[in-house]
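Let us read one structure together, feature by feature. Keep the sequence and the 3D view open.

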Amino acid sequence: MQKHNNGSFTNSLGFVLACVGSAVGLGNIWMFPYRLGEYGGAAFLIPYLFFICLFGFVGLSAEFAIGRRAGTGTLGSYEYCWESRKKGKIGKVLGWIPLLGSLGIAIGYSIIIGWVLRFLAGSVTNTVLTEDSAEFFGQVTANMKNLPWHVLVIAITVIILITGAVNQIERANKILMPLFFILFAILAVRVFFLPGSHEGYRFLFVPKWEALAKVDTWVMAMGQAFFSLSITGSGMIVYGSYLSKKEDIPKSSIQTAVFDTIAAMLAALAIMPAVFAFGIEPSAGPSLMFITIPNIFKQMPMGRLFAVIFFLSVCFAGITSLINMFEAVIESWQQKFSLQRTKAVALCGGVALAVGLLLEEESKVGHWMDFITIIIVPFGAVLGAVSIYYVLGFDKIREELEEGRKKPLPKAFKVAAKYLYVPLAVIVFILGLIYKGIG
């Protein structure tokens, strides 16, 4: 593989931080803390960590490897897989499904990160802490009431990507991701000293072993792990295409999974003890981030400062994820339509904004994200898993996975990949339809 015309990551640290930036997102912050406590506390970590290790080792590795082997992102990688069976035209068509999933998430994500940015500004001016949180959230999420902040989020992402490809992605994540971990660690330490916070730790970590006998515990753990790692059949492929042949892909995959899990645990430690310290009912989803948490900061000493720290951290997590979603689309459009980098970036940003304008209202973006995350994204992930491990074949992708490694893959890798990961990816898609979302 020749060096990609968009450049390449300078080292494994830059690559891993970029991948962590993609993986760490709103699901770690507004979903994981609640699920950890609700589905068994410490007991929930047993299936969760099992699925994180499995999906990280064989799922992320597969997407990184096909990107590096094909030397290109989503559309080119699917064509490469299917061309090995002389059916490249099928691959050309199928590749659009996960790519549209990345674009679809980016459209909704940019709106939601716009809300976060508005709450950050409101925290700086203290508006968020002086007004009713639910009313403030209703004002922000009303139709066309947050447009400037929505535009600003897309503009920031476009500026980062238009001024450079891989070098800017790497530079942004080397700054933003360490800051995210530092700021959330500060929050977690502060929350530890709140009177009554111990009840939150009980909620999170006292094991409810009986939960392991419930199907829902395993379903939610599997869904949380799968979607937390950003396995979409698209985004991680493009980062893999920018990776040097010297890098050990399975090792980088595990490192990504580890840091993603640390981020989720930090979010849990920063949020749930504070929720219980102030006697607020724990919840999940947007209401946790935009209504419950501001109500906590209102009652906390120096709450304004910690509100700024919290929403700034979430902005960092959101922007780094958005960069990956945009880049998956941009790279494919560059290669497919022979577009210049600047034109591809501008087109992606323009499409995201144009469609997003129709979805500004909370209920509309909610329905949009449900459709994308329940149907398009998991189906794209299934297509990726099948295309890599069955259509291209394990023996060919193993060559790429062992490139840069000092030791061959363990023999169990093939079994885990073909006969455990791929069927589970299909099950995640089916269960998502049944449960109306598990990620």
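Q: Leaving aside its neighbours within four places in sequence, which residues is glutamate 327 in contact with?

A: Note that this is a predicted model. Glutamate 327 touches Asn6, Leu161, Ile169, Val238, Tyr239, Tyr242 and Arg341, once neighbours within four places in sequence are set aside.

Q: Is glutamate 327 buried or exposed?

A: Look at relative accessibility; under 20% means buried. Glutamate 327 has 0%, so this residue counts as buried. Its place is in helix α17, residues 303-337.

Q: How many residues along the chain separate glutamate 327 and arginine 171?

A: They are 156 residues apart along the chain, and their C-alpha atoms are separated by 15 Å.

Q: Where is methionine 144?

A: Methionine 144 sits in the loop between α9 (133-140) and α10 (147-162). Its relative accessibility is 37%, so methionine 144 counts as partly exposed. Beyond neighbours within four places in sequence, methionine 144 is in contact with Leu357 and Glu360. Alanine 317 is 173 residues from methionine 144 along the chain, with 24 Å between the C-alpha atoms.

Q: At what angle do helix α4 and helix α15 pack?

A: Compare the directions of the two axes. Helix α4 (residues 45-70) and helix α15 (residues 249-277) pack at about 135°, and their axes are 8 Å apart. The two helices are therefore oblique to each other. The crossing of α4 past α15 is right-handed.

Q: Which residues make the contact?

A: On α4, they include Leu45, Tyr48, Leu49, Ile52, Gly56 and Phe57. On α15, they include Ile249, Ser253, Ala257, Asp260 and Ala264. By class, the contact has 15 nonpolar, five polar and two charged residues.

Q: Why do residues three or four places apart point the same way in an α-helix?

A: An α-helix has 3.6 residues a turn, so residues with that spacing point the same way. Keep this in mind when you look along a helix.

Q: Where does helix α20 bend?

A: For a bend, follow the axis along the helix. Helix α20 (residues 412-435) bends by about 30° at tyrosine 421. Proline 423 follows within four residues. Just after α20, lysine 436 takes a positive phi of about 60°.

Q: Which residues of α20 are buried, and what covers them?

A: Among the buried residues of α20 are Phe413, Ala417, Tyr421, Leu424, Val428 and Leu431. The cover over the buried residues of α20 includes α4, α13 (215-228) and α19 (362-402).

How values were computed. Residues are numbered from 1 along each chain as its sequence is written. This is a predicted model: local features need pLDDT of at least 70, side-chain atom pairs count only at pLDDT 80 or more; totals for chains, interfaces and linings use all residues. Side-chain values use heavy atoms; hydrogens and water are left out. Axes are lines fitted to C-alpha atoms, for helices over the stretch in contact, and angles run from 0 to 180 degrees between N-to-C directions. Angles under 35 degrees count as roughly parallel, over 145 as roughly antiparallel, 65 to 115 as roughly perpendicular and the rest as oblique. A crossing is left-handed if the near helix is turned anticlockwise from the far one by less than a right angle, and right-handed if clockwise. Contact means heavy atoms within 4.5 Å. Ala, Val, Leu, Ile, Met, Phe, Trp, Tyr, Cys and Pro count as nonpolar, Asp, Glu, Lys and Arg as charged, and the others, Gly among them, as polar. The bend at a residue is the angle between axes fitted to the seven residues ending there and the seven starting there. Buried means under 20% relative accessible area, exposed over 50%, partly exposed in between (1.4 Å probe, protein chains only).
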